[in-house]
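Please load the coordinates and follow along.

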Amino acid sequence: MREIREGSQELVLVEDGQDVAEIHFKPLDDRTIVIDHTYVSEQLRGQKIGDQLVKAVVDIARKDGKLIVPACSFALAQFKRHKEYKDVWAQVKG
């Protein structure tokens, strides 16, 4: 059985009592959160679990009126791949 456990700064996919995937995010300021880590266990890779976790954080940001800085490489790749995330992408200029 799979379920997503939501913490204040993370989403964790739990399967049969084991943490098998996770995404961490933290506030940068009042309007912005940073995705700083994603992990999917070997046995679940290739099943788009990471994609689903990033989308879940995007949904949270939209609901809360926040922007996202995708600081980890996987999240950044997802934001580049999914143009529909543009509305919540806080692109850092520099």
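Asp59 counts as partly exposed, at 36% relative accessibility; partly exposed is the range between buried (under 20% relative accessible area) and exposed (over 50%), with a 1.4 Å probe and protein chains only. Its side chain meets that of Lys55 in a salt bridge at 3.0 Å, N to O, where a salt bridge is a side-chain nitrogen of Lys or Arg within 4 Å of a carboxyl oxygen of Asp or Glu. Lys55 is partly exposed too, with a relative accessible area of 40%. Asp59 and Lys55 are four residues apart in helix H1, and so are separated by about one helical turn. Helices (H or I, at least four residues) and strands (E, at least two) are DSSP runs, numbered from the N terminus.

A note on the ground rules: this is a predicted model, in which local features need pLDDT of at least 70 and side-chain atom pairs count only at pLDDT 80 or more, while totals for chains, interfaces and linings use all residues. Residues are numbered from 1 along each chain as its sequence is written, and side-chain values use heavy atoms, with hydrogens and water left out.

## Salt bridges across the sequence

A search of the whole structure finds seven salt bridges. One of them joins the side chains of Asp87 and Arg62 at 2.8 Å, N to O. Because Asp87 lies in the segment after H2 and Arg62 in helix H1, this pair ties together parts that are 25 residues apart in sequence. Asp87 is partly exposed at 47% relative accessibility, and Arg62 is partly exposed at 36%.

The side chains of Arg5 and Asp19 also form a salt bridge, at 3.4 Å, N to O. Arg5 belongs to strand E1 (residues 2-6) and Asp19 to strand E3, so the link ties together parts 14 residues apart in sequence. Arg5 is partly exposed, at 39% relative accessibility, and Asp19 is partly exposed with a relative accessible area of 43%.

## The nonpolar core

Which residues have the most contacts inside the largest nonpolar core? They are Ile35, Val57, Ile68 and Phe79, in a core of 23 residues. A nonpolar core here is a set of buried Ala, Val, Leu, Ile, Met, Phe, Trp, Tyr and Cys residues joined through side-chain atoms within 4.5 Å. Strands E2 (10-15), E3 (18-27) and E4 (32-40) and helices H1 (49-64) and H2 (73-81) each give two or more residues to this core. H1 gives the most, with seven residues. In soluble globular proteins, nonpolar side chains tend to be buried together.

Setting aside neighbours within four places in sequence, Phe79 is in contact (heavy atoms within 4.5 Å) with Ile35, Val54, Val58, Ile68, Pro70, Tyr85, Val88 and Trp89.

Ala75, Gln78 and Phe79 are buried in H2. Seen down the axis of H2, the buried residues fall within an arc of 100°, so they line one face of the helix; the arc is that of the directions from the helix axis to the C-beta atoms. The face turned away from that buried side carries the exposed residues Ser73, Lys80 and Arg81.

The buried residues of H2 pack against E4, H1 and strand E5 (67-70). Gln78 is buried, with a relative accessible area of 1%. Not counting residues up to four places away in sequence, Gln78 touches Asp51, Val54 and Tyr85.

E4 and E5 run parallel and are joined by four bridges; two strands pair if DSSP finds at least two bridges between them. Ile35 stands opposite Pro70 in E5. The chain crosses from E4 through H1 to E5 in a right-handed β-α-β crossover: with the strands pointing away from the viewer, the path from the first strand over the helix to the second runs clockwise.

Both faces of E5 are covered, with Leu67 and Val69 buried on one side and Ile68 and Pro70 buried on the other.

## Two positive phi values

Asp16, in the loop between E2 and E3, has phi near 50°, a positive value in a residue other than glycine. Asp16 is exposed, with a relative accessible area of 61%. Lys48 sits in the loop between E4 and H1, and its phi is near 65°, a positive value in a residue other than glycine. Lys48 counts as exposed, at 56% relative accessibility.
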